[in-house]
Structure formats: structure tokens, C-alpha cells
There are 2 protein chains.
Amino acid sequence: MSSAPDDRLLPAEQKILDALGDLPLDFRAMWAISNVFRSSAAIRRHMESNVLAPDRLSWTAFVGLWVLWVWGEMEARDFAVAVGISRPTATGVMTTLEGRGLVARRKDARDGRMVLVSLTPSGRTTIEHLFPRFNAEESALASHLTEEQQDALASMLRSLLRAVERSGRAGGFS
Amino acid sequence: MSSAPDDRLLPAEQKILDALGDLPLDFRAMWAISNVFRSSAAIRRHMESNVLAPDRLSWTAFVGLWVLWVWGEMEARDFAVAVGISRPTATGVMTTLEGRGLVARRKDARDGRMVLVSLTPSGRTTIEHLFPRFNAEESALASHLTEEQQDALASMLRSLLRAVERSGRAGGFS
DNA sequence: CCCATACCGTTCGCGAACGAACGACCCGCG
DNA sequence: CGCGGGTCGTTCGTTCGCGAACGGTATGGG
């Protein structure tokens, strides 16, 4: 609804300026980047306690169900990449979800190394009920920005994301 | 430097549209919010491996040093809030940092319940050397956006943040 | 002066997170 | 045929993260 920008610094930001304002730092970049972390953590907590807690699902477990819902059965390594976690962590998450009967593992007959992961019917029901509630919360939070602002926000974050991915390969020789 | 917006969807976003495009979801809000998570995780990893890894500091440990640098000696509960973690987690982080000689704990003489946390000289040296490198990376990443975009990004994220904080208290009175 | 109340940091139990190291498995080259 | 090198998932050890519960410490009312 509301569209007026709010450029007042957060209390934490003001404190940082008071303490470090004299140092030669790029504060403009600092506000942009650090607020990505601040808002990410805040939104995640909000979702965990308001949407995920009733089903006793952790954030990562929820993302795992979501990924399997969108992609269908997939190899474990691709699952890890899609969720955004390491392979060892993916093993633990899959074990947890398997223990709750939401996910199933089976070996690939073609390649004995591979493990294929998929939703069980119970897991499918869970995510199909949960995700609309999740998206409704996203929508409610985003409604404090205009549609144009939401698009601009997504676009700028994509630019940042692509910058990181390129920079991530650099530094070394690769 | 570059200022052209990039509205192409990420591969993951395109896949989501293919799989769920027919459902009545708010995709605009979804792109805005989900890209906050994506970019946050990507930047965090980038910082961990390119800036923090040489000092064998975790992200949270770094934020802890940074908070103590900005605020000076503080009560443990305020430390937890400023870092953005629970009190039990703060206990663990302080123990780890104390074991590395970067942080010191002492009891408050006035109130026997309180614990006061502060940087040791070694911890102070660490953060004073580390943070400029961290900020230089922030600056490099943000340079893919114009100054106006950086300001707009920070402003929109603050709006989001304030929306979450109000919504978090909701169901209540204030 | 005492006790109910409230608050603080810690401990406990668990799930999640990573890098390093490991066994199982595939494949291509000799 | 075999075996060296690469890839897969898992295990191990450590740190982070939370909610619940606990002991120690203040404080205000009786």
C-alpha cells in the first residue's frame, strides 16, 4: 500500500556512524549490503515462527520440500545445490525428512553411486498446504512496497547475485 | 558502474514458473522476497570464503567482534540482540571467542546476574584489520549498482524490515 | 526479614552447517 | 582385463542455532 520511501537510518546504523563515521569506509555500500542480511534474517525468523513452526519444520527442511515439489525426483547432489547447502548437510536433511516420512530415497539402477530423492505423498500434501500460506506472508510483507518497487528490488538483488557468482570464480586462477 | 537493470529471471525462477505458474500465487512478491534470501546466502558465503576464512572466523563470530567493536563493552543479553542470535547461541559464541582470546567476560559487580562482554586487545586488532577488507568487498559488490540504486535498495530493505518487526508483534496491541 | 516473582546466563537436546576424509562405484587408458 | 583417477553419498568432528528447563541473583510486597 504505502509507497513513501523511508530513508531514516536504523538505530543500529546510526550507532555505527557514531562509532566509525570518521573511518574511510563505503557506508553507502554498507547500508545496501548489510540491510540484505538484516532483512533476510528477520523475514526468515518471521516465517519460521509464523508459518513453519506449526508443522515443526525447519527453514531448510521447508526449502527441501519446496525444491522437490518444483523439480520432482532428482539426484541428491542437485538437491543440495538447489537448496543451497553442502552435500554433507543435504545428507542430514534428507535423513531427517525421510525419518518423518516426507521424503524417499532410492538408488539409481543405472549408476550405483547416485541416490534419487523425491517427495512421498505425505510430503507432497505437506508442501501443497504449506506453500500458499508461505506465499501469502511474502505477499503481505511485500505489500508495503509498490509493485514497481518490488520489481526493482528483485532486479537489483539479481544483479547483486550475478556479481557475486562471477566474483566467486575470480580471485584465484581457476 | 553499470546501471542497466536486469530483469531476466534466474534459472531457478524460470523453473518455478514452469512448475507452478498456474497456481494463484503472488509471484511478484515471491521474486522480491526470495531473492533477498538468495543474495543474502550468496554474499555471506562469498564473505566467509574470501574474507573470513584466512582468519578461521565464522560469520557469526565475525559479527560478534564487529558488534563489540562498535558498541564497546556490553551486557551479554544486548550482545545477543545486536548480533541477532538467541541467548543460548550467544553463550556458545562467546565461549568460542573467549577460547581464542578475542573476547573477555566479566561479572557485573552491581548485578550478579549480568555478564559484561568486551574485546581483548587481540580481538580489537583482529576486527580493525578485518573490517576494512570486509567493507572493500561490500563496496566491490555494490559497485554493480549505481549510487542511487544502492540507496534505493537500502531504503526498500528498511521498509521490509520495519514491516516484519511490526508484523512480528502483531496479534498483540502495539 | 522472607518469600514469590522475575530476570539473567548457562546447560541440555536436537537439527543444521561446513570441510576433510572415506568407501563404493564408474569409466577410460593401457 | 585391470587399475588409476574421478565422482558419488556418507561419516566424522566442530561450530552454530533454537526452545525448554535449570540454578543463581535481584527486588518488591507482605
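A:Glu75 has A:Leu116 in β3(A) as its bridge partner. This is a predicted model: local features need pLDDT of at least 70, side-chain atom pairs count only at pLDDT 80 or more, and totals for chains, interfaces and linings use all residues. Residues are numbered from 1 along each chain as its sequence is written, while chains are lettered from A and ligands numbered from 1 in the order in which they are written.

**The sheet of chain A**

β1(A) and β3 (residues 115–119) of chain A run antiparallel and are joined by two bridges. Strands pair if DSSP finds at least two bridges between them. Helices (H or I, at least four residues) and strands (E, at least two) are DSSP runs, numbered from the N terminus. The sheet is open, has three strands in the order β1-β3-β2 (chain A), and pairs antiparallel. β1 (74–75) and β2 (103–107) of chain A are its edge strands, each pairing on one side only. Helix α3 (residues 59–71) of chain A lies across β1, β2 and β3 of chain A, at about 95° to β3(A). Axes are lines fitted to C-alpha atoms, for helices over the stretch in contact, and angles run from 0 to 180 degrees between N-to-C directions.

**How the chains meet**

The contact takes 56 residues from chain A and 56 residues from chain B. Residues are in contact if their C-beta atoms, placed from the backbone, lie within 7 Å. On the chain B side, α1 (11–20), α2 (27–52), α3 (59–71), α6 (121–142) and α7 (147–169) each supply at least two residues. α7(B) gives the most, with 19 residues. Because 98% of the interface residues of chain B are also interface residues in chain A, the copies meet through the same surface.

**Two helix pairs**

Two packed helices are described by the angle between their axes and the distance between the axes.

| Helix pair | Angle | Axis distance |
|---|---|---|
| α2(A) and α6(B) | roughly 85° | within 8 Å |
| α4(B) and α5(B) | about 100° | 9 Å |

α4(B) is therefore roughly perpendicular to α5(B) (65 to 115 degrees). In α4(B), B:Ala76, B:Arg77, B:Phe79, B:Ala80 and B:Val83 meet B:Arg87, B:Ala90 and B:Met94 of α5(B). That contact has six nonpolar, no polar and two charged residues. Ala, Val, Leu, Ile, Met, Phe, Trp, Tyr, Cys and Pro count as nonpolar, Asp, Glu, Lys and Arg as charged, and the others, Gly among them, as polar.

Between the chains, A:Ala29, A:Met30, A:Ala32 and A:Ile33 of α2(A) meet B:Asn135, B:Glu138, B:Ser139, B:Leu141 and B:Ala142 of α6(B). Here the division is six nonpolar, two polar and one charged.

**The surface near DNA strand D**

A residue is near a strand if its C-beta atom, placed from the backbone, lies within 6 Å of it. Of the 24 residues around DNA strand D, A:Ala76, A:Arg77, A:Pro88, B:Thr60 and B:Gly112 come nearest. α4 (76–83) and α5 (87–99) of chain A, with α3 and α5 (87–99) of chain B, each give two or more residues to this surface. α5(B) has the largest share, five residues. By class, the surface near DNA strand D has nine nonpolar, eight polar and seven charged residues.

How values were computed: Two residues are in contact if their C-beta atoms, placed from the backbone, lie within 7 Å. Angles under 35 degrees count as roughly parallel, over 145 as roughly antiparallel, 65 to 115 as roughly perpendicular and the rest as oblique.
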